[in-house]
Amino acid sequence: MDAAEIHIIELCKKGDPSAQRTVYARYSPMMFSVALRYTNARIDAEDVLQESWIKVFRHIKSFGEHNSFEGWLRRIVVNTAITHYRRNQKHQFQFDIDEVHATPRDIEAFKELEFTKEELAYAIEQLPKGYGMVFKMYVIDGFKHKEIAEELGIDLNTSKSQLSRARKYLQEVLYTMSKRAKKETDSGLQS
Amino acid sequence: MMKEGNFDAYVQAQFADEAVVPPSHVETAVFNELAAGARRTKLRRLGLGVLTAGICSAGFYLNQDSGSIAIPVEEQSVQVQDLQEMQEVEVAVLDEQTTWAGPETVVSTAQTEFVQEEEILDPLFETQPPLRMEEAGIKPMNALDRGPSIQTPALQIETSETWVMPANVTVKE
């Protein structure tokens with residue numbers, strides 16, 4: 001963190017409204033994208049974002065300067081999204097293990113296909129909820145397995161096994177997508 | 001074959017620096033909620049202050065009623081006298097007690113008390129004057145009718161005109 005950021009965080013700790021608005025303007029787009037990733041609908045993401053900012057400003061005194069502020073904000077959003085998700089859906093993450101029968105694929109085959117972010121996001125959305133949550137937390141938002149286990153209320157080994165299965169499942173989805181795309185391209189060329 | 005680490009890095013790179021501008025009504029809602037929270041905190045603090053002041057004043061008045069606070073405490077100074085002075089006082093007390101009142105003094109005191117009682121009871125006796133024993137038909141009891149004779153204690157025996165005192169009189173310090 002640079003000195004200006006530390007200064008503005010200090011002002012937020014004192015409850016300065018203009019500093020709070022500055023921080024909000026700077027980090028809201030990042031936080032909203034995280035919220036969108038962990039929720040099914042945009043309206044839910046807005047609720048999560050609002051709840052997250054309230055938490056941020058109420059607990060900003062507990063933030064230490066030696067940590068990454070962005071990482072701290074990201075964790076708050078993910079935590080809030082999980083709480084929101086549980087409250088609305090009462091989802092049990094452990095029950096997803098037997099739902100998927102993923103087959104490992106050679107990802108080298110679609111390595112060069114260069115999926116767009118939207119395609120990748122679509123593929124991640126195809127994951128069962130429990131797998132998708134663990135995958136997003138570990139791979140995209142940089143959580144550790146211990147943190148994931150605590151956040152989701154699951155065993156550490158469950159988190160590891162779900163991540164492994166999520167990777168295989170995602171590769172399968174991407175392989176199917178690339179196969180379909182290749183077929184469409186071939187048919188387009190023939191016609 | 002792409003390793004797990006590479007696959008993770010590939011996916012992560014796709015989502016790095018992802019930013020979506022939220023709608024403006026979220027900002028309004030956040031800062032309205034913060035302002036309301038600040039107001040609630042102020043009111044809570046004010047309420048706590050008033051409550052504390054009320055409890056303190058109630059406690060003060062309750063204590064005042066029970067008298068534990070309002071009673072002024074008078075401190076009596078205790079002066080330590082010399083041993084010689086204390087002995088003199090002791091001797092003087094003993095002298096006073098040896099020359100203590102004879103029967104006349106006691107009787108006179110009783111008389112004065114009786115006079116006072118008569119004065120109080122006078123209005124009653126004016127309407128019904130006291131009768132003598134003979135007039136009332138009351139006969140004195142025979143000796144046989146009395147119970148076993150009680151030996152009069154030595155202190156009450158009138159040997160002379162003065163009363164006999166017990167042998168030793170001790171005065172406590």
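Me: What makes a pair of residues in chain A a contact, and how many of the contacts with a separation of 6 or more join residues 24 or more positions apart?
Reply: Two residues are in contact if their C-beta atoms, placed from the backbone, lie within 7 Å. In chain A, 72% of the contacts with a separation of 6 or more are between residues 24 or more positions apart. By the way, this is a predicted model: local features need pLDDT of at least 70 and side-chain atom pairs count only at pLDDT 80 or more, while totals for chains, interfaces and linings use all residues. Residues are numbered from 1 along each chain as its sequence is written, and chains are lettered from A and ligands numbered from 1 in the order in which they are written.

Me: What share of chain A is called buried, and what of chain B?
Reply: A residue counts as buried if 20 or more other C-beta atoms lie within 10 Å of its own. Of the 191 residues in chain A, 35% are buried; for the 173 residues of chain B the figure is 2%.

Me: How do you know which helices chain A and chain B have?
Reply: Helices are DSSP runs (H or I, at least four residues), and strands are runs of E, at least two. Chain A comes out with eight helices and zero strands, chain B with four helices and zero strands.

Me: Which residues make the contact between the chains?
Reply: Chain A puts in 22 residues and chain B 21. Helix 2 of chain A gives the largest share of its side, seven residues.

Key. Buried ≥ 20, exposed ≤ 12 C-beta atoms within 10 Å, placed from the backbone.
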